[in-house]
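Subject: A structure for you to explore

Hi,

Here is the structure I promised to pass on to you. Have a look around it first, and then read my notes below.

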Amino acid sequence: MTQQPTTAPIPWTTIGMVVAWYGSNIGVLLLNKYLLTNYGFKYPIFLTLCHMTACTLFSYIAIALMKVVPLQTVKSKVQFAKISGLSVVFCFSVVCGNVSLRYLPVSFNQAIGATTPFFTAVFAFFIIKKREAWLTYTTLIPVVTGVIIASGGEPSFHLFGFIMCVTATAARAFKSVLQEILLSSEGERLNSMNLLLYMAPIAVTCLLPATLIMEENVVGITIDLARKDVKLIWYLFFNSSLAYFVNLTNFLVTKHTSALTLQVLGNAKGAVAVVVSILMFKNPVSLMGMVGYALTVLGVILYSEAKKRYS
């Protein structure tokens, strides 16, 4: 009688990292929505500035002081200029995403965000001439069709919020393609933790004047609001801390799991965020909207499988 091979149990540390990754991702998304809509803190640029400030501080502590990962140095002005360009696109995508949450429910926001592979494939095709198999491109049809269906059936549809969310999704995809171009050589490549260490302070320098110009007197307004309700300070601190831990846990999960596991977890994470947000915010959903989102997620899964098979 042949003995069946036993699969190694998943280490508890890996399970803990995945739970922390889910918690930080979904937590920052829901808290952003709560602050910008339910709480009435209508300053998405300042909120993003708080996020990037926290990422700057925590990145320095984690890398320079705690040595979580080895410090990778920027070796030239050209490399710094490339990182600066990435940082501008990165912070633009985050601001647009936060603005969209003022107008759209999290469930619809996640449905649009799931179309990132479509924009990545388009940018890769036109910018770096990266060709995929025709079947891979075919799988993008349900990705886009699903969002069109979800848009038609979304009870809380808002045109400006929709445009901001699509812009944020496209900017995220553009950043990933741009990163592939700019930091492609072995000497310039940085891991995600070190890249955040350099991008976050650059983002702060971009967001600070934008906040002062576009959200006038936001600091004074925030101080006045905090005097009336001190919980606002804790909301902002916790929210900004979560924004950093999204990046930290993403790095750790990527390091301790396979690419396939990460894809599956990523697809499931969006669905979990949708369910939790509906339960928390009680936003109305339609059957058409749910069908559209399900179709988009199915398309993303098929796209991932097609890329894996034909690459």
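What follows is a short tour of a few places in the model.

Please keep in mind that this is a predicted model.

**A buried asparagine**

Let's begin with N32, which sits in helix α1 (residues 12-38). Is N32 buried or exposed? Its relative accessibility is 6%, so N32 counts as buried, because buried means under 20% relative accessible area. Which residues does N32 touch, leaving aside those up to four places away in sequence? They are L47, H51, N98, L101 and N239. With two of these, the side chain of N32 also makes polar contacts: one is with the side chain of N98, at 3.1 Å, and another is with the side chain of N239, also at 3.1 Å.

L65 belongs to helix α2 (residues 44-65). With a relative accessible area of 55%, L65 is exposed, since that label applies over 50%.

**Two loop residues with positive phi**

Now look at two loops. N217 is in the loop between α9 (192-214) and α10 (218-228). This residue is not a glycine, yet its phi is positive, at about 60°. N217 counts as exposed, because its relative accessibility is 53%.

K282 is in the loop between α12 (259-281) and α13 (287-310). Its phi is also positive, near 55°, and K282 is likewise a residue other than glycine. The relative accessible area of K282 is 65%, so this residue is exposed.

**The cysteines**

How many disulfides does the structure hold? The number is 0. Take C165 as an example: the closest cysteine sulfur to its own is the one in C96, and the distance of 9.6 Å is too far for a bond. A disulfide needs two cysteine sulfur atoms within 2.5 Å. C206 is in no disulfide either, as the nearest cysteine sulfur, in C91, is 5.2 Å away.

Where do these cysteines stand on burial? C165 is buried, with a relative accessibility of 3%, whereas C206 is partly exposed, at 29%.

Enjoy exploring the model!

Best wishes

How values were computed. Residues are numbered from 1 along each chain as its sequence is written. This is a predicted model: local features need pLDDT of at least 70, side-chain atom pairs count only at pLDDT 80 or more; totals for chains, interfaces and linings use all residues. Side-chain values use heavy atoms; hydrogens and water are left out. Helices (H or I, at least four residues) and strands (E, at least two) are DSSP runs, numbered from the N terminus. Buried means under 20% relative accessible area, exposed over 50%, partly exposed in between (1.4 Å probe, protein chains only). A polar contact is a pair of N or O atoms within 3.5 Å; within protein, one must be able to donate a hydrogen and the other to accept it, and residues adjacent in sequence count only if both atoms are side-chain atoms. Contact means heavy atoms within 4.5 Å.
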